[in-house]
Amino acid sequence: MDPLLTVDVVLFRATRNGRFVPVGADLPLDLTDPAEPTEDLLRALDGASVSLAAGPGLPAEVVRAVAATPVPRLFQSSSWLYRHRAVILTDNKCAVGGHVLHYTDLFGLYVTEVEPESAAVVTAKDTGTKCPAIATTSFDLLTQPWIPVVGDDGETRQLSLRDVVLNAHTIRQITAEIPTMAAALHRFLLAFFHRVYGPESEAAWQELWTTEQLPTEALDTYLHRHRHRFDLFHPEVPFMQCAKLASLTPATAAKLVPYRAVGNNVTLFDHTTAADRVTLSPQEAARWLVTVQAFDPGGMKTPYEKDKSSERAPCNDFGVVVVEGGSLKETLLLNALVYWPDHQKPMMTAPDDRPVWEEETGPSPRPDKRTARGWTDLLTWPSRRVLLSATGSGENTLVEGVVITPGTRLDASLVDEEWMAAFRRPRDAKGRFKKDAPVLPVRLHPLRGVWRHSVELLITDVWEEGKNRRRPAALDQISELAERRLIPLNAVYTLRVFGQRLDSKASVIEAWMEERVPAPVPLLRAKDENLGAIIGHAIALADDAGSALRSFQAEYRKEFRDTTTPDIDHQYWPRLSRPFGAFLVALGDARDKDRSELPAIQAWARQVKRLAATVADRWVTGSPARGRAMVALGKHHGVFHSRLAVSERTFHAKIFAYTTGKEGTDV
């Protein structure tokens, strides 16, 4: 072999005080020292030595450039080191031969290209050698902590992507600054999980479910192929960004954060102004970057050329449903559908499906429109072209600016491709499905809880499922896994539902929301119509009571033209979420034990009646009525109670038909 195509080197990290430390050791040394290295120093240098050989993945010009550097004085007196060169890493990088050598403790050395004008040769003072060094910074999402989690000890901490996966069995849940960020991180992690682990079959799913920890080998094999794509500040392919936006002037980093008052984004509680300098840590910027791609509102953006118009990011159009288990490992698997792109699993997933970080090159800066290649493509949809602007290096790195331009518009029918959402066709006044109306995704409402859509979220209907409604696909898979006894039949999981409300122009965020709904496996498995009818009538009872409350308030206001009393809805709807959750759990328990649902139904009816009556009574007490107004208020209050009693009687009459046959065993 040509000797110029191989060279032995020792890897060093440059410290802030100008000293050099062998990689893997904690022993600062002087490369200009002519004395023969001590035994301890030799061991440290041996552990940091590698042989560079030209070949696939390592261009010959890199090897020649390193070989052309002089041997440090410290090495010259050693019979072992006298042919070695020193490679000094700044921020784990070293530019040489028109390329960049990267080093991580996990993967060792790897090479990427760099534009010649972006590298500079830096002379390390008194080292006796010249070391090419890259002037840019780095933040490795695989090894640097940035994902916020709650451990099984209840403590909140940040972990790297690799650590999140390998410690998923000890993590309780993903947390975040706002609900939409938590949803975006779940979708990102799910796409990453699919690409690493599949699973390609139900048997593969079961194997992952029964292991204590997610396998390390498959993870490291995947990361070995794609490790450089997870550098937040990579010069050519920065994570989830477009390096070709570098010609545009960055705006303030506050553009990434929806609760910062900047531009059209006027917020209630933020006390910064557009003139304030806002900086983000790389950890914060990475989280907001993932969130922007999933939830950025529409409207006018900075144009790359002329196109300023952008559609709202896909996750604004539906409530993102995450099935949560007892640990993050369970959560990932409960949401992980069988993933085998070569066999179009899940449906609408083609063999060339891939997440955004697996693209061969960075995206074009020009906006475009296309269909999704498949499930992981949709989970990491590049709705914006983004480029972060950083200052400083190492631990002092800060993101001080960002360019956000229109990205890729999604050409898809969500009901056919989005699996983390529930869908339903609207009904008419008689309760029948509107044949000409489109199937719409279930969304969160700032006041009325998402539990009101529990039928669509939880229950399958052998007649309507797939035609007029569709629950999240993960729940169908959980039902099938329970049928095969692969998961407990009596388990109760939780649906975390995330959403965001925009203004009428879909350009300003008005609210973000997160709600939880219990998901008992017995309810997910049920195939009969009775269960859906029971839950539907239970929700209708709450609607009737709420309607009676609104009518009570409206009639009083109409008679006395009163607008000073507070809206009664705000005292009623938010307080129903918890008792309805208890109702679902009790209903599931009754199904699991083959007992009557009547106790659960009656308990729910009592809760609704008691809450509605309490809200009405408090509203009367707090109203500033006097004289004739007080008499009228009493009259309307009495009408409300009569209407509430009628609603309760009607509910019990309707529900009886769906619970006959078992009630004698319990009631």
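**Strands and buried side chains**

Student: How many bridges join strand E10 to E12?
Tutor: Strand E10 (residues 147-151) and E12 run antiparallel; strands are DSSP runs of E of at least two residues, numbered from the N terminus. This is a predicted model, where local features need pLDDT of at least 70 and side-chain atom pairs pLDDT 80 or more, while totals for chains, interfaces and linings use all residues. Residues are numbered from 1 along each chain as its sequence is written, and side-chain values use heavy atoms, without hydrogens and water. The number of bridges joining E10 to E12 is three.

Student: Which strands are the edge strands of the sheet?
Tutor: The open sheet has three strands in the order E11-E10-E12, with antiparallel pairing (DSSP finds at least two bridges between paired strands). Two of the strands pair on one side only. These are E11 (156-159) and E12 (171-174).

Student: Is Lys329 buried or exposed, and which side chain of opposite charge is nearest?
Tutor: Lys329 lies in helix H9 (residues 328-335); helices are DSSP runs of H or I of at least four residues. Lys329 is buried (under 20% relative accessible area, 1.4 Å probe, protein chains only). Lys329 has no salt bridge (a Lys or Arg side-chain nitrogen within 4 Å of an Asp or Glu carboxyl oxygen). The nearest side chain of opposite charge, 7.0 Å away, is Glu330.

Student: Why does His636 count as buried?
Tutor: His636 lies in helix H19 (residues 628-655) and touches Phe552, Glu555, Tyr556 and Glu559, not counting residues up to four places away in sequence (contact means heavy atoms within 4.5 Å). His636 counts as buried because its relative accessibility is 9%.

Definitions and conventions: Buried means under 20% relative accessible area, exposed over 50%, partly exposed in between (1.4 Å probe, protein chains only). Lys and Arg count as positive and Asp and Glu as negative; His and the chain ends are not counted.
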